[in-house]
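This report describes selected packing features of the structure shown below.

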Amino acid sequence: MLNTLWLGFFVTAAIAALAQWLIGGNAQIFAAMVEALFAMAKLSVEVMVLLFGTLTLWLGFLRVAEKAGIVNALARWLAPLFARLMPGVPRGHPALGLMTLNFAANALGLDNAATPMGLKAMRALQELNPQPDTATNAQILFLVLNASSLTLLPVTIFMYRMQQGAPDPTLVFLPILLATSASTLVGLLSVAMVQRLPLFSPVVLAYLLPVALALAGFMALLATLSAAALAQLSSLLGNLTLFALVLLFVVVGAWRKVAVYEAFIEGAREGFDVAKGLLPYLVAMLCAVGVFRASGALGYVLGAIRWCVQVLGMDARFVDALPTALVKPFSGSAARAMLIETMQSQGVDSFAALVAATIQGSTETTFYVLAVYFGAVGIQRARHAVACALLAELSGVVAAIVVCYRFFG
């Protein structure tokens, strides 16, 4: 699928460029495409420098949290909930701890760190699978929740915004939190309806109801604030949450007599190894997206969508953010490339760039996750996983657009 998507960018760009040359008489279009090719290659390296630091930093702190017992404590605390939502997984099974690690990495916005943990969790769940070629209910729920992108602290989005010169990288903290909550809620409800999960059992309600009420109350409070106050609150909470987590990991680790420095270095080495493997993918996708825009092909696609939106009498400013949403289900690297390209072409704090950043932080690479996670364990029959995951994806995109109009519109 990635091969087709990548090839499609270049083929479509070539067709659009030929049309501009032969019909529009624009003989400079090919020079612009070549210039974009090398400019995006340079940008890829610049982005990777900061990505090295970000992944190294956060995987180091996550290893401190793991050795301090914070992750295991969270797994024990979630065990009664998992017992109701995944009755096929025995209490104390290794899959529960691995899923918790995966959710923790996703919550911190560490997409690339979450994948290895998620694959381990899927293999552990496969050990309980009586039909190895067919996804179990537990595997489907885990995958859909994973694909719903439950991101509480999108540090990679902050990193991309900082790299592009945003004066306040955490400005999109609250919009992403609200949009990702919507996608996760829809993903959970859709799976629960198909699998007839006991969402209204006392144990499940004891976990989910306080969260839902707190989120509803928080949204009601946000509705009373002006756009300027919302932006200020988002910045404050984003930075406060970020530093509070760092402090929590280090202090609890020291209290538990963990050698926090050594643990951090151990995790940081893993982050460095993860990061260095991303450069070829980032170069490939950013260059393809750069050529796609320089050829005028992206402008044609967005122009057609914008015309349809205007015919319906709607505001069309969000259309410039849609490239990120359109490619996100297929490829995380392509979506990152689209996000960075939107920030560069529209401005890092433009409305389109803010919507694109919120979409990137509240949606997931659905088809990629399905292919990698199920492919790793030989699942051929996904059952209702695809429909539920795509519904969650769509909910995240719609919620991101609506929330951004409230915050920045």
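## A buried leucine

A residue is called buried when its relative accessible area is under 20%. The model discussed here is predicted. In it, L286 has a relative accessibility of 0% and is therefore counted as buried.

L286 belongs to helix 12, which spans residues 279–294. Its C-alpha atom lies 8.4 Å from that of L37, although 249 residues separate L286 and L37 in sequence. Beyond its neighbours within four places in sequence, L286 contacts M40, L43, S44, A337 and I340.

## Nonpolar cores

The largest nonpolar core comprises 57 residues, and F9, V172 and F408 have the most contacts inside it. Helix 18 (residues 385–408) supplies the largest share of this core, with 8 residues. A second, separate core contains 41 residues, among them F82, A135, V191 and V377.

With residues up to four places away in sequence left out, F408 touches L171, V172, P175, F351 and L354.

## Helix 16 against helix 18

The axes of helix 16 (residues 351–362) and helix 18 come within 9 Å of each other and cross at roughly 140°. Helix 16 is therefore oblique to helix 18. The crossing is right-handed.

On the side of helix 16, the contact is formed by F351, L354, V355, T358, I359 and S362. Helix 18 contributes G396, V397, A400, I401, C404, Y405 and F408. Of the residues in this contact, 10 are nonpolar, 3 are polar and none is charged.

Technical notes:
Residues are numbered from 1 along each chain as its sequence is written. This is a predicted model: local features need pLDDT of at least 70, side-chain atom pairs count only at pLDDT 80 or more; totals for chains, interfaces and linings use all residues. Side-chain values use heavy atoms; hydrogens and water are left out. A nonpolar core is a set of buried Ala, Val, Leu, Ile, Met, Phe, Trp, Tyr and Cys residues joined through side-chain atoms within 4.5 Å. Buried means under 20% relative accessible area, exposed over 50%, partly exposed in between (1.4 Å probe, protein chains only). Helices (H or I, at least four residues) and strands (E, at least two) are DSSP runs, numbered from the N terminus. Contact means heavy atoms within 4.5 Å. Axes are lines fitted to C-alpha atoms, for helices over the stretch in contact, and angles run from 0 to 180 degrees between N-to-C directions. Angles under 35 degrees count as roughly parallel, over 145 as roughly antiparallel, 65 to 115 as roughly perpendicular and the rest as oblique. A crossing is left-handed if the near helix is turned anticlockwise from the far one by less than a right angle, and right-handed if clockwise. Ala, Val, Leu, Ile, Met, Phe, Trp, Tyr, Cys and Pro count as nonpolar, Asp, Glu, Lys and Arg as charged, and the others, Gly among them, as polar.
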